[in-house]
Amino acid sequence: MPIDEREIPGSPVGRRVVLGLVAAGVAGIVGGGAVQKGLASVLGPIGNHDPTGLIGLIPVGNNFRFYSVTLGAPRKDENSYALTVGGSVDSPRTFTLQDLRSMPQTSLVRDFQCVTGWRVPEVAWSGVRLADVLDAVGPTASATSLRFTSFDGTYTESLTLEQARRDDVLVALTMLDGPVTHDHGGPVRLFVGPMYGYKSIKWLGGIELTDNVVPGYWENRGYDVDAYVGESNGRRDDPTS
């Protein structure tokens with residue numbers, strides 16, 4: 001379903017603006033962590049309207065970079081957010097934000113590792129274990145995999161059912177000690193603790209149980225389907241406890 005771009009504030013940022021921000025990022029290296037953190041706080045809405053891809057070049061230390069494969073996503077809130085879970089399940093269901101908040105919550109602290117090399121250490125996450133969401137709908141005997149869709153209308157991801165049932169795979173409602181913001185992929189995003197960041201789909205809107213793995217957006221462009229951290233940078237899989 002295409003995004004109604006009228007719901008997405010702002011217009012694509014110009015190349016000159018982005019290059020100016022790159023220069024600001026370099027200045028942040030000289031100015032230290034406080035300057036870099038302040039710069040990172042303004043990059044979310046800019047990065048989501050950057051057709052050049054240059055936002056990812058801005059050095060902001062151990063802070064999140066912001067990416068979107070579209071011009072962003074419509075904003076969802078308490079009244080408009082819904083997570084649909086269906087496919088090969090016994091009881092298809094739509095979860096509201098309040099439904100997810102009322103389920104048992106799990107908290108963990110994990111690094112967020114991007115496949116491009118940057119990493120944010122010791123990020124606090126909390127939300128519903130994806131395994132608990134699956135138990136609520138009952139995967140059928142034929143279900144072996146999950147396909148995730150973003151309400152940006154374009155981004156997709158995948159996991160096997162075994163991967164999805166790990167204790168460190170969350171339907172995340174909070175991160176960095178607060179609700180998941182729109183620019184971080186909120187109000188609800190996926191967090192796949194042991195894998196590179198592209199598996200942790202932003203703006204989570206749908207989960208479909210399937211009988212085979214359906215490669216996601218980046219996997220169709222050459223990224224690994226099984227994206228465990230460590231194969232390309234020497235780090236080992238994060239423990240589950």
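Val85 has Arg93 as its bridge partner in strand E2. The model is a predicted one. Strand E1, residues 83–87, runs antiparallel to E2 and is joined to E2 by three bridges.

Strands of a sheet pair through backbone hydrogen bonds, either parallel or antiparallel. Here, five strands make up an open sheet with mixed pairing, in the order E2-E1-E10-E5-E6. Strand E2 (93–95) and strand E6 (156–160) are the edge strands, and each of them pairs on one side only. From one strand to the next, the twist averages 20°.

Helix H4 covers residues 130–137 and packs on the sheet, where this helix touches E1, E2, E5, E6 and E10. The direction of H4 makes about 140° with that of E2. The elements involved are listed below.

| Element | Residues |
|---|---|
| Strand E1 | 83–87 |
| Strand E2 | 93–95 |
| Helix H4 | 130–137 |
| Strand E5 | 145–150 |
| Strand E6 | 156–160 |
| Helix H5 | 161–164 |
| Strand E10 | 204–210 |

Gln163 lies in helix H5 (residues 161–164). The relative accessible area of Gln163 is 8%, and Gln163 therefore counts as buried, the cut-off being under 20%. Apart from neighbours within four places in sequence, the residues in contact with Gln163 are Val169, Met195, Asp226 and Tyr228. With Asp226 there is also a polar contact, in which the side chains of Gln163 and Asp226 are joined at 2.8 Å.

Terms used: Residues are numbered from 1 along each chain as its sequence is written. This is a predicted model: local features need pLDDT of at least 70, side-chain atom pairs count only at pLDDT 80 or more; totals for chains, interfaces and linings use all residues. Side-chain values use heavy atoms; hydrogens and water are left out. Two strands pair if DSSP finds at least two bridges between them. Helices (H or I, at least four residues) and strands (E, at least two) are DSSP runs, numbered from the N terminus. Axes are lines fitted to C-alpha atoms, for helices over the stretch in contact, and angles run from 0 to 180 degrees between N-to-C directions. Contact means heavy atoms within 4.5 Å. Buried means under 20% relative accessible area, exposed over 50%, partly exposed in between (1.4 Å probe, protein chains only). A polar contact is a pair of N or O atoms within 3.5 Å; within protein, one must be able to donate a hydrogen and the other to accept it, and residues adjacent in sequence count only if both atoms are side-chain atoms.
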